[in-house]
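Q: I have just opened this entry and would like a short tour. Could we begin with the charged side chains and move on from there?

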Amino acid sequence: MFKDSKKPRLKQGGLSQQNTIAQGTIFEGDLKSEGDFRVEGVVKGTLITNGKVVIGTTGSLDGSLSCKNADIEGSMKGKLAVSDTLNLRSFANVSGDVQTSKLAVEPGATFNANCQMKDSVKELKTESKTSI
């Protein structure tokens, strides 16, 4: 009859709520979460999550980021490890070391990084020829 609207809604694998570092906020230190993040402020340190991270146009991260998926519109400097897809929007500015499975870069993005595409390099099978 009545719904308890104060209970968090669950999605597959965790809570549906998104963590937000708002514009004007400066966070220094390490963050670890199972949920998604949106960064519109400044993060100096380490951010680790199994979810998606969005760094908005006013957001910046200086340090290291480890996540499943990332959309970057602002700036990222440091180590970036994305287990699935990294999307760099047209205003993105990324520098440092990047490791990802898939990379999408829009025209206008700045990407000055050492990039390693993991899981994308497949070994070539060599046929061994036997002499008769």
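Salt bridges and buried residues

A: The structure, which is a predicted model, holds 6 salt bridges.

Q: Which residue forms a salt bridge with Asp84?

A: Lys102 does, and the closest N and O atoms of Lys102 and Asp84 are 3.1 Å apart.

Q: Is Lys102 buried or partly exposed?

A: Lys102 counts as partly exposed because its relative accessibility is 46%. Asp84 is partly exposed as well, with a relative accessible area of 23%.

Q: And what does Arg89 meet in a salt bridge?

A: The side chain of Arg89 meets that of Glu106, at 3.1 Å from N to O. Arg89 lies in the loop between E10 and E11, and Glu106 lies in the loop between E11 and strand E12 (110-117), so this pair ties together parts that are 17 residues apart in sequence.

Q: Which residues are joined with Arg89 into one network?

A: Lys52, Asp71 and Glu106 are joined with Arg89 by salt bridges that share partners.

Q: How about Arg38, what is its salt-bridge partner?

A: Arg38 pairs with Glu40, and their closest N and O atoms are 2.9 Å apart. Arg38 is partly exposed, at 27% relative accessible area. Glu40, in contrast, counts as buried because its relative accessibility of 16% is under the 20% cut-off.

Q: Changing topic: where is Val54 found?

A: Val54 is found in strand E7, which covers residues 52-55.

Q: Why does Val54 count as buried?

A: Its relative accessible area is 10%, and therefore Val54 is buried, the cut-off being under 20%.

Q: What is Val54 in contact with, leaving aside its neighbours within four places in sequence?

A: Val54 is in contact with Phe37, Arg38, Val39, Asp71 and Glu73. For one of these, Asp71, the C-alpha atom is separated from that of Val54 by 4.8 Å, although the two residues are 17 residues apart along the chain.

Q: What does the side chain of Ser101 reach?

A: The side chain of Ser101 reaches the backbone oxygen of Ser83, at 2.9 Å.

Key:
Residues numbered from 1 in each chain as written. Predicted model: local features only at pLDDT ≥ 70, side-chain atom pairs only at ≥ 80, totals over all residues. Heavy atoms only, no water. Polar contact = N/O pair within 3.5 Å; in protein donor to acceptor, adjacent residues only side chain to side chain. Helix = DSSP H or I, 4+ residues; strand = E, 2+ residues; numbered from the N terminus. Buried < 20%, exposed > 50% of the residue type's maximum accessible area, 1.4 Å probe, protein only. Contact = heavy atoms within 4.5 Å. Salt bridge = Lys/Arg side-chain N within 4 Å of Asp/Glu carboxyl O.
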